[in-house]
Amino acid sequence: MKKIVLLFVSVLSAGLLLTSCNKDDDSGSSASLEGKWYFSKNGAMVDGNEFLVDYVNECPTKKDYLEIASNGTFANVSYFDDCTTTDIFSGTWVRTGDVITTTVAGETPESGTILSLTSSTLKLSFTDVDGTYLVVLTR
C-alpha cells in the first residue's frame, strides 16, 4: 500500500513543480516547482482537520525524493532498506492553475492540488475514493 500511495503522491508532486507560487507563498516572490524535492511529511484530512506525520524513509542514510524537470518530466526515487536498491518511476506532468495532472506510462492520469509553494516547501493534496491525502516536500 505504501508503494501505491508513494507512486500517486510522487506523480502528483511532480506536476506541482511546474510553475510559480500561490497566495500562501510567504516569500512574496515566485517559487519554482523544478528541482529536487525530498519527502518530509504525509497525512490526511479528517473531518476538516489536517493530520501530518513525518515521512519515514526505509533507508537510514538516503532520502526518497522527487525530481521535477523543466521539460515536463519527473522521476520519483525511493530507496529500500538496504540503501542500494532503488525503486524509480517516471512520467510527465502538466499544471493548470493550482491543479497538477501527472501521467506515468500505462497508467490513468492523476490530478492533485497545490496547497502552498515556497522556495523551500511544497504542500499538496490529492483525493481518491478513500479520502483526501496530504504530502509535504522540502528542498
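Which residue takes a positive phi in the hairpin of S3 and S4? In this predicted model, the residue is Gly 72, with phi near 85 degrees. The hairpin has 4 residues between its strands.

S3 (residues 65–68) pairs with S1 (residues 35–46) in the antiparallel sense, over 4 bridges. Trp 37 stands opposite Leu 66 of S3 in this pairing. S3 also pairs with S4 (residues 73–79), again antiparallel and over 4 bridges. Here Leu 66 stands opposite Asn 76 of S4.

The average pLDDT is 82, and 78% of the residues score at least 70. Residues 1–8 have a pLDDT below 50, and this stretch makes 14 contacts beyond near neighbours in sequence. Residues 10–29 also have a pLDDT below 50, with 79 such contacts in the model. Where pLDDT is low, predicted coordinates should not be read in detail.

The largest nonpolar core holds 19 residues. Phe 74, Leu 117, Leu 122 and Leu 137 touch the most other members. At least two core residues come from each of S1, S3, S5 (86–96), S7 (110–117), S8 (121–128) and S9 (131–138). S8 gives the most, with 3 residues. Another core, of 5 residues, lies apart from the largest one. Its members include Cys 59, Tyr 65, Tyr 79 and Cys 83. In soluble globular proteins, nonpolar side chains tend to be buried together.

The side chains of Lys 123 and Glu 50 meet in a salt bridge, 2.7 Å from N to O. Glu 50 lies in S2 and Lys 123 in S8, so the pair ties together parts 73 residues apart in sequence. Glu 50 is partly exposed, with a relative accessible area of 40%. Beyond its neighbours within four places in sequence, Lys 123 is in contact with Glu 50, Leu 52, Thr 113, Ile 114, Leu 115, Ser 116, Val 135 and Val 136.

The whole structure contains 3 salt bridges. One of them joins Lys 41 and Asp 54, with the closest N and O atoms 2.6 Å apart. Lys 41 lies in S1 and Asp 54 in S2 (residues 49–54), so this pair ties together parts 13 residues apart in sequence. Lys 41 is partly exposed, at 29% relative accessible area. Asp 54 is exposed, at 52%. Asp 98 and Arg 95 also meet through their side chains in a salt bridge, 2.8 Å from N to O. Asp 98 is partly exposed, with a relative accessible area of 31%. Arg 95 counts as buried, at 11%.

Thr 138 counts as partly exposed, at 25% relative accessibility. Thr 138 and Ser 120 are 18 residues apart along the chain, yet their C-alpha atoms are separated by 5.5 Å. Leaving aside neighbours within four places in sequence, Thr 138 is in contact with Lys 36, Trp 37, Tyr 38, Ser 40, Ser 120 and Thr 121.

Methods. Residues are numbered from 1 along each chain as its sequence is written. This is a predicted model: local features need pLDDT of at least 70, side-chain atom pairs count only at pLDDT 80 or more; totals for chains, interfaces and linings use all residues. Side-chain values use heavy atoms; hydrogens and water are left out. Two strands pair if DSSP finds at least two bridges between them. A nonpolar core is a set of buried Ala, Val, Leu, Ile, Met, Phe, Trp, Tyr and Cys residues joined through side-chain atoms within 4.5 Å. Buried means under 20% relative accessible area, exposed over 50%, partly exposed in between (1.4 Å probe, protein chains only). Contact means heavy atoms within 4.5 Å. pLDDT is the predictor's confidence in each residue, from 0 to 100. A salt bridge is a side-chain nitrogen of Lys or Arg within 4 Å of a carboxyl oxygen of Asp or Glu.
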